[in-house]
Amino acid sequence: MAKRHSSHIPLSEALSEFIQENKLQKGMDKVDAREAWVKLMGNGVNNYTSAVELKNETLYVSLSSSVLREELSLGKSKIVKMINEELGKELVKKLVLR
């Protein structure tokens, strides 16, 4: 059961405590990685993106355009670096474009 605080605490602190106690951080990381991809890649790439999934430090991105997939594969390390900077932590180690 969650511990009670007698004093007022900030909402951000309460939410982070809730996430930690209920072991929801992995799920939050998956959502954050998906949002980072959408934000960083823009409409041009997102129109051809069908799925973004984070599994064990690997970001799997399904693309409907083989030309775009080939183009993005040339800058995989830069994309990984940009996503990790956006997330503020070293969450993605590898990028797989499908």
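Okay, let's start in a loop: Asn 56 sits between S1 and S2, where helices (H or I, at least four residues) and strands (E, at least two) are DSSP runs numbered from the N terminus. Before I go on, the housekeeping. This is a predicted model, so local features need pLDDT of at least 70 and side-chain atom pairs count only at pLDDT 80 or more, while totals for chains, interfaces and linings use all residues. Residues are numbered from 1 along each chain as its sequence is written, and side-chain values use heavy atoms, with hydrogens and water left out.

Asn 56 has a phi near 50°, which is a positive value in a residue other than glycine. Is Asn 56 buried or exposed? Exposed, with a relative accessible area of 73%. The cut-offs there: buried means under 20% relative accessible area, exposed means over 50%, and partly exposed is in between, using a 1.4 Å probe and protein chains only. Glu 57 is in the loop between S1 and S2 too. Its phi is near 65°, again positive in a residue other than glycine. Glu 57 comes out as partly exposed, at 42% relative accessible area.

Now step back into strand S1, residues 49–55, and pick up Leu 54, which is found in that strand. Leu 54 counts as buried because its relative accessibility is 8%. So what does Leu 54 touch? Leaving out residues up to four places away in sequence, the list is Asp 29, Lys 30, Ala 33, Leu 59, Leu 91 and Val 92. By contact I mean heavy atoms within 4.5 Å.

Asp 29 counts as buried, at 11% relative accessibility. Setting aside residues up to four places away in sequence, Asp 29 touches Leu 54, Lys 89 and Leu 91.

Let's stay on H2 for a bit. Which residues of H2 are buried? They are Asp 29, Ala 33, Ala 36, Trp 37, Met 41, Val 45 and Asn 46. A quick reminder on spacing: an α-helix has 3.6 residues a turn, so residues three or four places apart point the same way. Those buried H2 residues pack against strands S1, S2 (58–63) and S3 (94–97), and against helices H3 (66–73) and H4.

H2 also has a bend in it. A straight helix of 22 residues would span 32 Å at 1.5 Å a residue, but H2 spans only 25 Å between its end C-alpha atoms. That expected span is 1.5 Å times one less than the number of residues. Where is the kink in H2 centred? On Leu 40, and the kink is about 70°. The bend at a residue is taken as the angle between axes fitted to the seven residues ending there and the seven starting there.

Next, the helix pair. Two packed helices are described by the angle between their axes and the distance between the axes. Here H2, residues 25–46, packs with H4, residues 76–87, at an angle of about 115°, and the axes are 10 Å apart. The contact uses Asp 32, Ala 33, Ala 36, Trp 37, Lys 39, Leu 40 and Met 41 from H2, and Ile 79, Met 82, Ile 83, Glu 86 and Leu 87 from H4. Sorted by class, that gives nine nonpolar residues, three charged and no polar. On the method side, axes are lines fitted to C-alpha atoms, for helices over the stretch in contact, and angles run from 0 to 180 degrees between N-to-C directions. For the classes, Ala, Val, Leu, Ile, Met, Phe, Trp, Tyr, Cys and Pro count as nonpolar, Asp, Glu, Lys and Arg as charged, and the others, Gly among them, as polar.

Staying in H4, we have Lys 76. Lys 76 counts as partly exposed, at 32% relative accessibility. Not counting residues up to four places away in sequence, Lys 76 touches Leu 95 and Leu 97.

Last stop is Leu 72, in helix H3. Leu 72 counts as buried because its relative accessibility is 12%. With residues up to four places away in sequence left out, Leu 72 touches Trp 37, Val 45, Leu 63, Ile 79 and Leu 97. The C-alpha atoms of Leu 72 and Val 45 are separated by 9.4 Å.
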